[in-house]
Number of protein chains: 8
Amino acid sequence: MKPLVSIIMGSTSDFPVMEAAAKFLDEYKIPFEINALSAHRTPGEVERFAKGAEARGLKVIIAAAGMAAHLPGVIASMTNLPVIGVPIKASLEGLDALLAIVQMPPGIPVATVGINASLNAGILAAQIIALQDEELADALKKHKEALKLKIIKANEELSRIQFTYKVG
Amino acid sequence: MKPLVSIIMGSTSDFPVMEAAAKFLDEYKIPFEINALSAHRTPGEVERFAKGAEARGLKVIIAAAGMAAHLPGVIASMTNLPVIGVPIKASLEGLDALLAIVQMPPGIPVATVGINASLNAGILAAQIIALQDEELADALKKHKEALKLKIIKANEELSRIQFTYKVG
Amino acid sequence: MKPLVSIIMGSTSDFPVMEAAAKFLDEYKIPFEINALSAHRTPGEVERFAKGAEARGLKVIIAAAGMAAHLPGVIASMTNLPVIGVPIKASLEGLDALLAIVQMPPGIPVATVGINASLNAGILAAQIIALQDEELADALKKHKEALKLKIIKANEELSRIQFTYKVG
Amino acid sequence: MKPLVSIIMGSTSDFPVMEAAAKFLDEYKIPFEINALSAHRTPGEVERFAKGAEARGLKVIIAAAGMAAHLPGVIASMTNLPVIGVPIKASLEGLDALLAIVQMPPGIPVATVGINASLNAGILAAQIIALQDEELADALKKHKEALKLKIIKANEELSRIQFTYKVG
Amino acid sequence: MKPLVSIIMGSTSDFPVMEAAAKFLDEYKIPFEINALSAHRTPGEVERFAKGAEARGLKVIIAAAGMAAHLPGVIASMTNLPVIGVPIKASLEGLDALLAIVQMPPGIPVATVGINASLNAGILAAQIIALQDEELADALKKHKEALKLKIIKANEELSRIQFTYKVG
Amino acid sequence: MKPLVSIIMGSTSDFPVMEAAAKFLDEYKIPFEINALSAHRTPGEVERFAKGAEARGLKVIIAAAGMAAHLPGVIASMTNLPVIGVPIKASLEGLDALLAIVQMPPGIPVATVGINASLNAGILAAQIIALQDEELADALKKHKEALKLKIIKANEELSRIQFTYKVG
Amino acid sequence: MKPLVSIIMGSTSDFPVMEAAAKFLDEYKIPFEINALSAHRTPGEVERFAKGAEARGLKVIIAAAGMAAHLPGVIASMTNLPVIGVPIKASLEGLDALLAIVQMPPGIPVATVGINASLNAGILAAQIIALQDEELADALKKHKEALKLKIIKANEELSRIQFTYKVG
Amino acid sequence: MKPLVSIIMGSTSDFPVMEAAAKFLDEYKIPFEINALSAHRTPGEVERFAKGAEARGLKVIIAAAGMAAHLPGVIASMTNLPVIGVPIKASLEGLDALLAIVQMPPGIPVATVGINASLNAGILAAQIIALQDEELADALKKHKEALKLKIIKANEELSRIQFTYKVG
């Protein structure tokens with residue numbers, strides 16, 4: 001089994017945030033790997049990883065980092081695979097990481113999701129892979145249906161709340 | 001009894017914030033309904049709700065959402081009823097939700113209140129309905145008087161605080 | 001003819017921004033008035049205006065101000081009519097005016113629209129008045145249709161742009 | 001004993017923040033009063049207070065408020081006494097209150113201090129009063145000396161921290 | 001020729017910004033289409049577009065919008081294709097559009113690029129399509145090389161600038 | 001004639017902004033002086049100025065600076081006279097200067113006015129001096145009346161604007 | 001033993017943040033001193049310190065302060081030694097301190113590190129001293145290697161996390 | 001002549017901003033070099049540059065970049081020389097570049113100067129080099145004196161401005 005998605009994080013302390021991406025990929029049976037690599041502390045390893053990613057069969061890279069979050073952009077500069085960036089909230093409410101990831105210069109895009117939005121990074125990776133995998137595409141459609149059902153159930157809870165002038 | 005106001009929230013987890021709006025409407029005997037609908041997860045339900053709102057006799061819609069808060073704007077795009085938007089504080093101190101609700105493009109207004117300001121959303125809805133309901137208009141006047149009395153009472157508390165050079 | 005909507009602005013220099021609201025009301029035949037009143041420079045006049053608004057038959061007040069924009073909130077504190085606040089961009093990209101208008105304390109709502117969004121203020125006022133005026137309600141529906149047609153026409157423009165790999 | 005300084009706050013819940021101002025005035029024997037008045041909930045009382053302030057012998061007004069903090073500006077619009085504004089941190093880290101107080105339009109200044117900086121408001125009031133009270137001016141000089149001594153003492157604490165390569 | 005990428009913008013006035021994406025796709029021979037659709041003014045058209053996108057053979061959608069930019073998120077809620085969001089700078093330096101696009105709730109990702117970063121949106125779309133198109137993958141590698149050469153050429157320019165103490 | 005107010009600015013390039021303060025003081029016959037002193041480039045001169053200010057008969061200091069605006073705070077640390085700070089807009093819309101002036105630590109207040117709000121600094125200085133100068137106090141009352149008249153006149157302008165449904 | 005680095009902080013309450021700088025210098029055997037000095041409360045002591053720093057053999061000054069953080073800039077204005085500024089997070093998430101330190105006017109630089117980034121201040125000081133101390137330069141290279149090893153170890157932790165579709 | 005300082009910029013379009021650093025180094029006879037290197041477009045060249053910098057005799061690196069400005073941090077991760085970061089204003093008033101440069105993770109400092117503050121970067125580099133070059137140290141002292149004289153001259157200009165109540 002070769003991984004299709006690689007989850008890279010700047011520090012293992014980001015794992016509690018990134019776990020949701022891993023769980024989503026696992027649930028949808030998308031082979032993945034997880035590594036901690038730092039754009040600043042292990043630049044050589046980052047380079048080796050990024051330059052070899054395509055040849056190893058990876059399709060999407062999810063890179064998470066906080067503060068002056070360079071990891072997603074640095075990886076994107078060394079591969080042509082789509083790189084999904086997850087800004088980690090570590091300071092300034094995560095605004096520094098968001099801007100350091102999303103505001104990439106012309107030529108090197110990073111597909112940025114919301115602050116700490118690791119689940120959405122997993123889903124976006126799956127959507128990209130699903131372009132070549134009909135079974136996965138079907139599973140994602142069911143996932144969307146499931147989201148809807150959750151809301152409908154939530155509505156039932158609300159319907160049990162009692163007020164004198166509440167209708168329905 | 002048909003509802004005049006509909007409180008819509010993106011997720012049931014917003015209910016603790018939105019309860020103040022419900023309580024205010026209840027206290028002022030304005031029939032209302034509460035539902036959870038998500039602009040992103042149940043777009044079909046949102047459409048059905050918004051397009052049918054006027055015909056069902058609703059007068060005002062209160063829509064609450066956090067983060068990239070699209071719900072109030074999406075509803076506003078499908079009805080001509082006044083839509084009151086409540087930005088929920090879920091990230092970035094609520095600034096993302098505030099901007100995503102208030103900065104609507106020309107043509108589709110959302111009447112935005114403050115971050116988590118659910119009580120004010122309830123009062124604003126009541127003010128709009130009171131334009132056709134003199135009894136309610138009178139009740140709102142009394143409510144404003146009551147606010148004043150609360151401040152005056154608070155003053156009495158302050159008058160009991162002792163300092164050597166405090167006068168009065 | 002008695003005005004139903006009153007447009008108040010902190011300074012006549014705000015008129016170029018507020019003109020869109022006036023034009024919209026005019027086009028939809030909603031009687032209105034325009035005045036310059038300053039929460040800080042003419043507090044007495046503001047009070048007289050706000051306290052007398054309801055008795056004069058006004059239904060909605062549109063108040064525009066920039067910087068530490070107190071006008072909408074101060075008016076809202078002295079009337080139970082719905083007050084629509086328009087933050088004028090005069091400094092800090094308009095963020096100061098937006099926060100000074102929207103972040104009202106519990107009890108006194110201001111229905112805030114976007115920065116310089118005077119047209120949306122006019123439409124919101126019309127939506128509120130339309131609750132008691134079926135003809136206006138119908139006109140607003142047509143206005144929404146017209147917005148759609150504009151977009152559709154815009155699309156035709158885009159369809160004339162030529163690229164080798166552009167389809168359609 | 002007539003008060004020279006009046007501390008006004010938008011809500012009694014602001015008292016824990018404003019206590020430092022009261023304590024400073026008390027320690028420096030400056031007669032003062034404390035009241036809760038809301039620009040939005042008791043506009044009439046605010047007007048009565050502001051218009052009568054000078055005649056009652058007040059010299060400085062300290063006004064504290066949070067969120068869309070209009071109180072200091074509204075008072076400043078109705079008196080020529082210097083008004084010191086204290087932004088209370090209630091939302092958005094206090095940035096909304098700071099901007100709503102400091103960004104006053106030309107003609108009506110508010111002497112703004114930092115977010116929750118009630119002690120500095122008390123000192124600033126004392127500095128203004130000291131212009132006519134030499135004894136107080138001398139006491140403030142001693143206060144400044146005392147601040148210095150505190151830092152010097154703090155230094156002694158630091159000098160007791162041990163590191164191998166720490167000198168002195 | 002069926003389009004693989006669809007460029008959607010909230011208004012034709014966004015075309016000057018979005019042209020770079022179109023040009024890139026054209027240069028790399030990726031069939032695409034361009035349309036103006038508004039989440040708020042043409043919600044029905046948006047729905048029809050989003051729900052039919054996959055069946056029409058589209059692989060990636062690029063959606064651009066300004067202010068309270070709901071278009072990318074609304075489309076993402078109705079398709080499982082990857083949606084790339086481009087925040088258009090129309091107010092608040094583009095920060096409102098960025099937050100309204102990137103801060104999507106759990107379940108519905110939008111692959112956000114920088115403010116006005118339409119070229120990067122085109123490249124990201126190409127990277128996703130290149131996962132199934134080796135020829136395109138090779139072309140993108142050459143594009144990255146070309147970026148490098150531009151910098152190297154720029155360096156030659158710098159080397160011609162003369163200072164007394166400048167070396168090389 | 002000895003100056004009562006001293007206007008200090010970090011650089012002569014701030015004079016066009018600070019001119020309004022000078023003109024106001026001149027019009028109200030308050031003797032003043034103007035100097036350029038830099039907290040960072042002429043710290044010795046700043047110290048001499050600040051420490052000698054009270055003895056020279058000054059009553060109020062107006063200090064203006066941009067960017068990391070230290071001048072008002074540094075002066076305030078060396079005098080017990082009230083110091084009015086004017087944040088000059090030189091970068092980041094003036095937000096850096098505002099925060100660097102207003103967020104003073106406990107013990108050393110700066111009476112901050114709005115960004116570039118030099119006129120308000122002049123008025124605030126006059127209000128402080130008027131506490132000991134009845135004639136000036138009267139003049140300031142007239143100034144406030146004049147502000148009101150300006151607004152009333154502006155209103156007349158507005159009343160001449162013609163719309164079909166405009167009333168009054 | 002004469003100190004090469006001086007750590008100055010605005011208040012002893014900053015010591016828990018600044019301890020990391022002290023520990024780093026201690027571990028790398030760089031003689032240092034620690035003092036509390038306030039730009040605002042002990043300006044005389046700050047001046048004496050800054051003007052005498054070079055003659056006492058100091059090579060680098062680390063200055064930490066929060067809020068309207070003037071200390072680093074004020075010291076920099078009175079010495080030609082490199083001054084490293086550490087913004088302390090005390091309000092507004094530390095953004096006020098960051099801007100008040102980094103946005104220095106032309107002529108007086110402060111080498112600013114991140115919010116609360118005291119360790120980085122220590123390392124930067126060491127890097128500057130290492131320009132004249134080969135042994136230290138070698139030690140810093142080993143430190144960088146050690147950072148890398150930490151990440152590699154962290155990776156081993158991650159490799160032990162089990163998912164069904166996790167590879168490696 | 002071997003360069004002691006290297007000025008690196010992300011793009012030649014940054015040269016007009018960075019020219020002030022070059023001119024300062026030139027005036028103070030500090031040998032330097034200028035290159036354009038992009039963290040994202042020429043990562044290999046950046047690595048070669050950073051890893052070889054110390055051996056080539058460089059003492060300080062000045063790195064300038066805009067938007068998601070990774071260049072200074074990426075260089076700092078591959079050398080132990082002090083790296084001075086200059087945030088270039090290209091979007092969001094330069095706030096994105098500032099945060100992306102200054103908020104570096106623990107272990108890898110960047111000595112950040114203000115937005116577009118290229119002159120200060122040059123001076124800071126000179127201050128570091130002056131630690132080993134007494135002649136340069138003396139020249140920098142004279143530079144500081146010259147700054148003072150400029151202010152004093154500016155004062156003379158101000159003294160020529162005439163007002164009736166202006167003293168001196």
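In this predicted model, the side chains of B:Glu47 and B:Lys51 meet in a salt bridge, with N and O 2.9 Å apart; a salt bridge is defined as a side-chain nitrogen of Lys or Arg within 4 Å of a carboxyl oxygen of Asp or Glu. Both B:Glu47 and B:Lys51 belong to helix α2 (residues 43-52) of chain B, where they are 4 residues apart, about one turn of the helix. Helices (H or I, at least four residues) and strands (E, at least two) are DSSP runs, numbered from the N terminus. Side chains of opposite charge can pair when their charged atoms come close. Over all chains, the whole structure holds 48 salt bridges.

The model is predicted, so local features need pLDDT of at least 70 and side-chain atom pairs count only at pLDDT 80 or more, whereas totals for chains, interfaces and linings use all residues. Residues are numbered from 1 along each chain as its sequence is written, chains are lettered from A and ligands numbered from 1 in the order in which they are written, and side-chain values use heavy atoms, with hydrogens and water left out.

**Two interfaces**

Contact means heavy atoms within 4.5 Å. Buried area is the accessible area (1.4 Å probe) that two parts lose on being put together, summed over both. A polar contact is a pair of N or O atoms within 3.5 Å; within protein, one must be able to donate a hydrogen and the other to accept it, and residues adjacent in sequence count only if both atoms are side-chain atoms.

| Chains | Residues in contact | Buried area | Salt bridges | Polar contacts (both residues at pLDDT 80 or more) |
|---|---|---|---|---|
| B and C | 38 residues of chain B, 39 residues of chain C | about 3,300 Å² | 2 salt bridges | 17 residue pairs |
| D and G | 16 residues of chain D, 26 residues of chain G | about 1,900 Å² | 0 salt bridges | 5 residue pairs |

Between chains B and C, 60% of the buried area is on carbon and sulfur atoms. C:Lys141 forms a salt bridge with B:Glu54, their closest N and O atoms being 3.4 Å apart. On the side of chain B that touches chain C, two or more residues come from each of α4, β5 (111-112), α5 (118-130) and α6 (134-159) of chain B. The largest share, 6 residues, is that of α5(B). By class, this side of chain B has 24 nonpolar, 10 polar and 4 charged residues. Here Ala, Val, Leu, Ile, Met, Phe, Trp, Tyr, Cys and Pro count as nonpolar, Asp, Glu, Lys and Arg as charged, and the others, Gly among them, as polar.

For chains D and G, 72% of the buried area is on carbon and sulfur atoms. D:Phe163, D:Tyr165 and D:Val167 supply 35% of the area that chain D buries against chain G, more than any other three residues. Helix α6 (residues 134-159) of chain D gives the largest share of the side that touches chain G, 7 residues.

No contact joins chain A and chain D, whose closest C-alpha atoms lie 11 Å apart.

**Enclosed space**

A cavity is a set of points, on a 1 Å grid over the protein atoms alone, where a 1.4 Å probe fits but cannot get out. The count is 13 cavities of 30 Å³ or more, and the largest cavity has a volume of about 980 Å³, a volume being the space filled by probe spheres set on the points, which are joined across faces, edges and corners. Of the 32 residues lining the largest cavity (an atom within 4 Å of a point), A:Leu95, C:Leu95, E:Leu95, F:Leu95 and H:Leu95 are the closest to its centre. The lining comprises 24 nonpolar, no polar and 8 charged residues.

Technical notes
On a 1 Å grid over the protein atoms alone, a cavity is a set of points where a 1.4 Å probe fits but cannot get out, and a pocket is an open set with protein on both sides within 12 Å along at least five of seven lines; lining residues have an atom within 4 Å of a point.
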